[in-house]
Amino acid sequence: MKNLITIVLLSMLFTSCKQQIKPADIAKINGYWEIEKVVFDEGEDKEYGANQNYDYFQIESDNKGIRKKVAPQLNGTFLVNDTYENVSVRFQDEKVYLDYSTSYMKYSEEVIELTADELVITNAQNKEFHYKKATAINILGDGKKTK
């Protein structure tokens, strides 16, 4: 009985500590994100060292915006193209979803965690994507500002 009470109390503690993402937090998504790792449904992880592409999010105050892939350059800039996905933020049952759409498909991902420096989302295949806020690479030391 004592063990059961301990388990129940610990379960309540862990579930109460889950981050509640509020509409005001959505602005934290804006910017460049570099994937750190993917956690698969089976529990295995795939770590990412250096990434050739970052995800760039721009969500406006109406919870609509875009996500596009960008390529960091050695001088601190990013190569971009005209390809992007439309994004809508949806709040449902105390959860937050990113709904993506292109002319070819539609899909959703759930936001699990969102801070100024960390983003964790999960997709329909239960893959958990862990991102860190990216900073520009500038190994040339030319002193120019990142665009």
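Let me start with one contact. Arg67 lies over the face of Tyr100, 4.4 Å from the ring centre. Keep both residues in mind, as each comes back later. One caution before going on: this is a predicted model.

Now the overall layout. The protein has one helix and 10 strands. Read from the N terminus, the order is α-β-β-β-β-β-β-β-β-β-β. So much for the order of elements. How much of the protein is buried? Of its 147 residues, 31% are buried. The exposed surface comes to about 10000 Å². Carbon and sulfur atoms supply 53% of that surface. As for contacts, take those between residues at least 6 apart in sequence. Of these, 44% join residues at least 24 apart.

On to charges. Side chains of opposite charge can pair when their charged atoms come close. How many salt bridges does the structure hold? It holds seven. I will go through three of them.

First up, Asp55 and Lys69. Their side chains meet in a salt bridge, at 2.4 Å from N to O. Asp55 lies in strand β3, residues 54-59, and Lys69 lies in strand β4, residues 64-72, so the pair ties together parts that are 14 residues apart in sequence. Which of the two partners is buried, and which is partly exposed? Asp55 is buried, with a relative accessible area of 2%. Lys69 is at 47%, so it counts as partly exposed. The cut-off for buried is under 20%.

This bridge does not stand alone. Asp55, Arg67, Lys69, Glu85 and Glu109 are linked in a network of salt bridges.

Next, Asp45 and Lys37. The side chains meet in a salt bridge, at 3.8 Å from N to O. Here both ends are partly exposed: Asp45 has 40% relative accessibility, and Lys37 has 24%.

Then Arg90 and Asp99. This salt bridge is 2.7 Å, N to O. Arg90 is partly exposed, at 26% relative accessibility.

Now the rings. A pair of aromatic rings is described by the distance of the centres and the angle of the planes. The structure holds four aromatic pairs. One of them is Tyr32 with Tyr56. The centres are 4.8 Å apart, with 40° between the planes, and the pair is tilted. Tyr32 is partly exposed, with a relative accessible area of 24%.

Compare Tyr100 and Tyr107. Why is this pair called stacked? The ring centres are 4.7 Å apart and the planes are at 25°, so the pair is stacked. The cut-off for stacking is planes under 30 degrees apart. Tyr100 is buried, at 2% relative accessibility. Tyr107 is partly exposed, with a relative accessible area of 25%.

Ring pairs link Tyr32, Tyr54, Tyr56 and Phe78. The tilted pair, Tyr32 and Tyr56, has both its members in that cluster.

Take Phe91. Its place is in strand β6, residues 85-92. Phe91 is partly exposed, with a relative accessible area of 35%. What does Phe91 touch, leaving out residues up to four places away in sequence? The list is Ile21, Lys22, Pro23, Ile26, Asn63 and Val96. Now a distance from Phe91 to Glu110. The two are 19 residues apart along the chain, and their C-alpha atoms are separated by 9.9 Å.

Last, Asp25. Asp25 is found in the loop between α1, residues 2-16, and β1, residues 31-39. Is Asp25 buried or exposed? Asp25 is buried, with a relative accessible area of 14%. Not counting residues up to four places away in sequence, Asp25 touches Gln20 and Leu114.

Notes: Residues numbered from 1 in each chain as written. Predicted model: local features only at pLDDT ≥ 70, side-chain atom pairs only at ≥ 80, totals over all residues. Heavy atoms only, no water. Helix = DSSP H or I, 4+ residues; strand = E, 2+ residues; numbered from the N terminus. Buried < 20%, exposed > 50% of the residue type's maximum accessible area, 1.4 Å probe, protein only. Contact = heavy atoms within 4.5 Å. Areas by Shrake-Rupley, 256 points an atom, 1.4 Å probe, with all protein chains shown as cover. Salt bridge = Lys/Arg side-chain N within 4 Å of Asp/Glu carboxyl O. Phe/Tyr/Trp six-rings, centres within 6.5 Å; stacked < 30°, edge-to-face > 60°. Lys NZ or Arg CZ within 6 Å of the ring centre and 35° of its normal.
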